[in-house]
Amino acid sequence: MRTNILVILLLAIGCMGLSAQNADNLLSAKEKTITLRMTESSKVEEGWVHGNNAWYYYGSRIMVTPVSYSIIETIDSTHISGGKEINTVMEVHEESSGSYQTSEEGWSWTGKRWTFEGDTVHAYPSSFIRKAKVEKKTVKNEEVIAAAIDESEEQYQVEDQNWSWDTRKKIWRYNNEDVDKLPEYKVVRSKVTSRSLNIN
């Protein structure tokens, strides 16, 4: 008889544990957040494409950001709790403009593209200065909640010295061989100033 009572008690405790676990699972199932992210770019400098949270110049990731672009990142979040849905849409806007300078012989920035000895090239010189002004604003449910302007001046140079510019073919070569990619660059000097804007 005692054995039967003990078994019944164990079964009851087990059922209570399962019921509590099921209740927790039910509460978790009723509360969740769904987030969608989308990035849209426009007015992008010639040769550049934005994708996978990175910039690519004629298919190569050269670790440089173009000076001219407009980009909007949209974060659409829906929080579901107790059968109610709360939707929040955040938009981060960036619009950049600027120019490049270089002292490399034969190279010139036309305002839209690079040229070498007068011919358009799909490449950057071995060293250059990038000057940009970026206007930023954050919009929450169609209301601007923050705005700022960043101004920067950065000096770049080729990261790997095994790259060389072929002045005859007007292409970059690696270890004196033709390759279907472009060199990566590093920042050797940088100056950035930021200021927040009054949104009232």
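Mentor: The strands are DSSP runs of at least two residues (E), while helices are runs of at least four (H or I), and both are numbered from the N terminus. Before we go on, this is a predicted model, where local features need pLDDT of at least 70, side-chain atom pairs count only at pLDDT 80 or more, and totals for chains, interfaces and linings use all residues. Residues are numbered from 1 along each chain as its sequence is written, and side-chain values use heavy atoms, with hydrogens and water left out.

Trainee: Fine. How many bridges join E10 to E14?

Mentor: Eleven, and the two strands run antiparallel. Within that pairing, Ile149 sits opposite Arg195 of E14. Strand E10 (residues 143-158) also pairs with E9, again antiparallel, over 14 bridges. There, Lys136 faces Ala148 in E10. E9 and E10 make a hairpin with two residues between them, and Asn141 in the turn has a positive phi of about 50°.

Trainee: What is the order of strands in the open sheet of three?

Mentor: The order is E11-E12-E13, paired antiparallel. Strand E11 (163-166) and strand E13 (177-178) each have a single partner strand, so one side of each has no neighbour in the sheet. Strand E12 (residues 171-174) is joined to E13 by two bridges, and Tyr174 has Glu177 in E13 as its bridge partner.

Trainee: Next, burial. What share of the 200 residues is buried?

Mentor: Buried residues make up 27%. The labels work like this: buried is under 20% relative accessible area, exposed is over 50%, and partly exposed is in between, using a 1.4 Å probe and protein chains only. Take Ser70 in strand E4: its relative accessible area is 12%, so Ser70 is buried. Leaving out residues up to four places away in sequence, Ser70 touches Glu40, Ser41, Ser42, Lys43, Glu94 and Glu95.

Trainee: Is Glu105 buried or exposed?

Mentor: Exposed, because its relative accessibility is 74%. Glu105 is in the loop between E5 and strand E6 (107-109). Glu105 and Glu117 are twelve residues apart in sequence, with their C-alpha atoms 8.6 Å apart in space.

Trainee: How do I read an aromatic pair?

Mentor: A pair of aromatic rings is described by the distance of the centres and the angle of the planes. Rings of Phe, Tyr and Trp (its six-membered ring) pair if their centres lie within 6.5 Å; planes under 30 degrees apart count as stacked, over 60 as edge-to-face and the rest as tilted. The whole structure has 23 aromatic pairs. One of them is Phe128 with Tyr185, edge-to-face at 5.3 Å centre to centre and 65° between the planes. That pair links distant parts of the chain, with Phe128 in strand E9 (residues 127-140) and Tyr185 in strand E14 (residues 185-196), 57 residues apart. Phe128 is buried at 2% relative accessibility, and Tyr185 is buried at 5%.

Trainee: And the empty spaces?

Mentor: Rolling a probe the size of a water molecule over the atoms shows where empty space is left. On a 1 Å grid over the protein atoms alone, a cavity is a set of points where a 1.4 Å probe fits but cannot get out, a pocket is an open set with protein on both sides within 12 Å along at least five of seven lines, and lining residues have an atom within 4 Å of a point. Points are joined across faces, edges and corners, and a volume is the space filled by probe spheres set on them.

Trainee: Which residues lie nearest the centre of the largest pocket?

Mentor: His50, Asn53, Ala54, Trp55 and Ile71, out of 14 lining residues. The largest pocket holds about 290 Å³ of space. E4 gives the most to its lining, with three residues.

Trainee: How many cavities of 30 Å³ or more are there?

Mentor: One, and the largest cavity has about 40 Å³ of space. Its lining includes Glu45, Tyr57, Trp109 and Arg113.

Key. Contact means heavy atoms within 4.5 Å. Two strands pair if DSSP finds at least two bridges between them.
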